[in-house]
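The sequence and structure are shown below.

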Amino acid sequence: MSRRPRRNHSAAFKAKVALAALKGDRTLAELAQQFDVHPNQITQWKAQLQERATEVFAGPRRRRAAPVDVKALHAKLGELTLENDFLEGALSKAGLLSAKR
C-alpha cells in the first residue's frame with residue numbers, strides 16, 4: 001500500500017471540520033470519512049479551536065511600534081554617505097566612473 005502525499009489544509013477547511021466536530025451530531029469516524037481526514041487530526045483541530053475561541057471575540061490588539069533610535073539611524077546614514085563618497089572618488093580616479101552623473 002503506497003503512502004498518500006502530505007496534504008496542506010486551508011484554515012477555512014480546518015475550521016469547518018472542527019466546527020462539525022463541536023456540533024457532536026456525528027462521530028469522529030463519520031467525520032473522518034466525510035472529510036477524508038484522520039480522526040486524530042480532527043481531535044487536534046477541535047482542541048485548537050476550543051483553546052483559541054476567545055481570540056475571535058477579543059478586541060483588536062494594538063501593536064506598539066518599536067521606538068525608533070534616530071541617533072543610530074543618523075549615524076548609519078552618515079557612515080553610508082561616507083562610504084559612497086569614498087567609493088565614488090576611488091572609482092573616478094581609476095577611470096571606471098564617468099564624471100557625468
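This is a predicted model: local features need pLDDT of at least 70, side-chain atom pairs count only at pLDDT 80 or more; totals for chains, interfaces and linings use all residues.

## Packing of H1 against H3

Helix H1 (residues 11-23) and H3 have axes that come within 8 Å of each other and cross at roughly 90°. Because angles of 65 to 115 degrees count as roughly perpendicular, H1 is roughly perpendicular to H3. The residues in this contact divide into nine nonpolar, one polar and two charged.

On the H1 side, the contact is formed by Phe13, Lys14, Val17, Ala18, Leu19, Ala21 and Leu22. Their partners in H3 are Ile42, Trp45, Lys46, Leu49 and Gln50.

## Packing of H2 against H3

Helix H2 (residues 28-35) also packs on H3, at an angle of about 100° and with the two axes 9 Å apart. This angle makes H2 roughly perpendicular to H3. By class, the contact comprises five nonpolar residues and one polar residue, with no charged residues.

From H2, the residues Leu28, Leu31 and Ala32 meet Pro39, Ile42 and Thr43 of H3.

## The largest pocket

The largest pocket has a volume of about 420 Å³. It is lined by 14 residues, of which Pro5, Arg6, Arg7, His9 and Gln41 are the closest to its centre.

Helix H3 (residues 39-57) supplies the largest share of this lining, with four residues. By class, the lining of the largest pocket consists of six charged, five polar and three nonpolar residues.

## Helix H4 and its end

Helix H4 (residues 70-94) contains 25 residues, which at 1.5 Å a residue should span 36 Å.

Just after H4, glycine 95 adopts a positive phi of about 80°.

How values were computed: Residues are numbered from 1 along each chain as its sequence is written. Side-chain values use heavy atoms; hydrogens and water are left out. On a 1 Å grid over the protein atoms alone, a cavity is a set of points where a 1.4 Å probe fits but cannot get out, and a pocket is an open set with protein on both sides within 12 Å along at least five of seven lines; lining residues have an atom within 4 Å of a point. Grid points are joined across faces, edges and corners, and a volume is the space filled by probe spheres set on the points. Helices (H or I, at least four residues) and strands (E, at least two) are DSSP runs, numbered from the N terminus. Ala, Val, Leu, Ile, Met, Phe, Trp, Tyr, Cys and Pro count as nonpolar, Asp, Glu, Lys and Arg as charged, and the others, Gly among them, as polar. The expected span of a helix is 1.5 Å times one less than its number of residues. Axes are lines fitted to C-alpha atoms, for helices over the stretch in contact, and angles run from 0 to 180 degrees between N-to-C directions. Angles under 35 degrees count as roughly parallel, over 145 as roughly antiparallel, 65 to 115 as roughly perpendicular and the rest as oblique. Contact means heavy atoms within 4.5 Å.
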